[in-house]
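Welcome! Open the structure in your viewer, switch to a cartoon display, and follow along one selection at a time.

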Amino acid sequence: MEEEQPLKIYFIPFLAAGHMIPHCDIARLFASRGHHVTIITTPANSQIIRNSIPHHPNFAVHTVHFPSQEVGLPDGLESLSTVTDMVNLYKVYQATTMLRDPIEDFVGNHPPDCIVGDFMFPWVDDLANKLRIPRFAFNGFCLFTLCAIESLKAHPIPLDASPPFLLHGLPHPVTLKTAPPTNIKEVLNAMIEIELRSNGLIVNNFAELDGEEYIQYYERTTGHKAWHLGPACLLHRTVEEKAQRGQKSVLSAHKCMSWLDSKKQNSVVYICFGSLCCFPDNQLYEIACAVEASGCEFVWVVPEKKGKENEEEEEKQKWLPKGFEERNSKKGMIIRGWAPQVLILEHPAVGAFVTHCGWNSTVEAVSAGVPMITWPVHGEQFYNEKLVSDVRGIGVEVGADEWGTIGFGEREKLVGREDIERALRRLMDGGDEAQEIRGRTKEFGKKARVAVQEGGSSYNNLTALIDELKRLRCCKSTP
């Protein structure tokens, strides 16, 4: 009997850390089962991937030209996560729209058995159809969020309604403090409409966290199949792998872990708002005041500021109360730039995570059993918050209600230090509510680890998806 050939799968991640990291982790899952995977990306991003992912014989990276000169960007700036102003952010996005031709040329000349494309590249649908290749979509969301979006499509919020806004038809009573901006809603709906034409959706989550009730809701309302394969972050098992995941950390993992080793269990608050959220100085000042007033020990990640602001010490300190770092030199650590987040969250000293509710951060926290203080900023993050706080009860809300867009600089609303301190104390003062939330989070952390092990829900889903891809390949080859 002829030996069955491994699948040949191409992955096309969008050029932002929040998309690139989980997309590549998902690709590694297939490679770990003996199938040949290729990541298609640009030169600077390929270097990050090669540096952060251990060598594997079935894992390859193919690079296509990034049109830096064509859009007026300096060489090497090829990701939304590396820009700090709206002008360059737009230029990077404009450049991503120009990747279609070189990617189509490569795929057309070397066709795979399947393409997994980020939903930010809607043209992958046309490419797959033209080549008669199965396409699976990836958007980096949890399935609950897609259910919330479907609910709002079926039951739009009336123009004259006032908050809170009930999301109708969901298995749980879920309300939003603020309605999604029309432009965000329209863009997401358009991309999801194309996504639903794919052979299925790959989800970086485990079925137990989204819940069977939401899996059924999604498949019933959309007619689309979802495959829960995560949490993909648990694929990184060694300290070195976790430390190198994503971009290079500005602080050595050893120094960070040594500092945390000196702290008591559940005594440290980890504060990080992801790679695409740059709060203005007045909001950072409120956070600093709240953290100091709470008395909590902390690790605080602040995006690195580039240009003149980074050259002058007084500019770097504008957002901190006078003497803050001196008074908190033993209680806190400020990391200016990229941090080894998975390692930090897994440390037993970390007792809470102040997060923007980006899905990667959320599922990493759940996997580590760390409860969250939720502070959504833009995109789908306000939906993710509701899964954490209302549906699963594994976090508390800080009270943010300004649904912004990705950007930099001033915001219309400020989350005050009193609200921030109150949320910190709810999880860190050790009361009954905090203990219950912590207990639920740790249970989900255990379920996450079981899900990716042999016989677990995500492990079995990956096996079933591989079988489905083999079936599709067989159907294509049969006249």
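Start by selecting Ile373 and Val396: Ile373 stands opposite Val396, which belongs to strand 16. Keep in mind as you look around that this is a predicted model. Now show the two strands themselves; strand 15 and strand 16 run parallel and are joined by three bridges.

Select residues 350-355 to see strand 14, which is linked to strand 15 (residues 372-374) by three bridges in a parallel arrangement. To trace how the chain gets from strand 14 to strand 15, colour residues 359-368: this is helix 18, and the β-α-β crossover it makes is right-handed.

Now move to residues 268-272, strand 10, which pairs with strand 14 in the parallel sense over five bridges. Pick Val269 here and find its bridge partner, Ala352, in strand 14.

Time to zoom out. Six strands make up an open sheet with parallel pairing, in the order 13-12-10-14-15-16. Strand 13 (332-336) and strand 16 (395-397) are at the edges with a single partner strand each, so one side of each has no neighbour in the sheet. Ignoring direction, neighbouring strands of the sheet are turned by 15 degrees against each other on average.

For a last stop, select residues 281-294. This is helix 13, lying across strand 10 and strand 12 (297-302), and the helix runs at about 170 degrees to strand 12.

How values were computed
Residues numbered from 1 in each chain as written. Predicted model: local features only at pLDDT ≥ 70, side-chain atom pairs only at ≥ 80, totals over all residues. Heavy atoms only, no water. Pairing = 2+ DSSP bridges. Helix = DSSP H or I, 4+ residues; strand = E, 2+ residues; numbered from the N terminus. Right-handed = clockwise from strand over helix to strand, strands pointing away. Axes fitted to C-alpha atoms, helices over the stretch in contact; angles between N-to-C directions. Contact = heavy atoms within 4.5 Å.
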